[in-house]
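Trainee: Could you take me through one part of this fold up close? I'd like to know what sits on either side of it and what it pairs with.

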Amino acid sequence: MPKYSGNPMHQTMNRSSRAENCARADPPDLAEMLLLARKLCREAVDDSEEGRIAFAWMLVNARGRGEGKAASAPGIALACGNRINADFADAEFCRSLALLCLILAGDLDDPTRGATKFHAHDDWPCWARDAEPRALIGRRFFYAPE
């Protein structure tokens, strides 16, 4: 996986800092990882690799800041009662899960610089009007808590 440290919008951290940041919160269990992967697969399916990495980091950052477990996050729902809809025959789902694993292992820089929220570049929600974006990656602006 490429590192995106050449772009001035992206700050890089050393490997131990990335791993430490990921480990601050309780690590997600397998069920939560599958839910996050499904959300990433659904929301970032048409994104570039850089856009998928940014969106995945935003999901991990939001979870790590205690902004809700993956199962209660907007757009993430359990399919078939309490069973998780994990389709390992779906290549995009497998890529999404692998990307989340690389992030949690500390192998990828956070190009969003701690973002926990986003919006499309052609949208301007009320909450973003007074906020300073941390990054514009692909088709999304990313925002971190102050």
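Mentor: Let's start with a pair: Ala 135 stands opposite Phe 142 in β3. Before going further, a word on what you're looking at: it's a predicted model, where local features need pLDDT of at least 70, side-chain atom pairs count only at pLDDT 80 or more, and totals for chains, interfaces and linings use all residues. Numbering starts from 1 along each chain as its sequence is written, and side-chain values use heavy atoms, with hydrogens and water left out.

Now the strand itself. β3 covers residues 140-143; strands here are DSSP runs of E, at least two residues long, numbered from the N terminus. Ala 135 belongs to strand β2 (residues 135-137), which runs antiparallel to β3 and is joined to it by three bridges. Two strands count as paired if DSSP finds at least two bridges between them. β2 and β3 form a hairpin with two residues between the strands, and there Gly 138 takes a positive phi near 65°.

β3 has another partner as well: strand β1 (residues 117-120) is antiparallel to β3, with four bridges joining them. Phe 142 turns up again here, as the bridge partner of Phe 118. That residue, then, faces Ala 135 as well as Phe 118.

What about the side chains? In a regular strand they alternate between the two faces of the sheet. In β3, Arg 140 and Phe 142 are on one side, with Phe 141 and Tyr 143 on the other. All four are buried, and both faces of the strand are covered. Buried means under 20% relative accessible area (exposed is over 50%, partly exposed in between), using a 1.4 Å probe and protein chains only.
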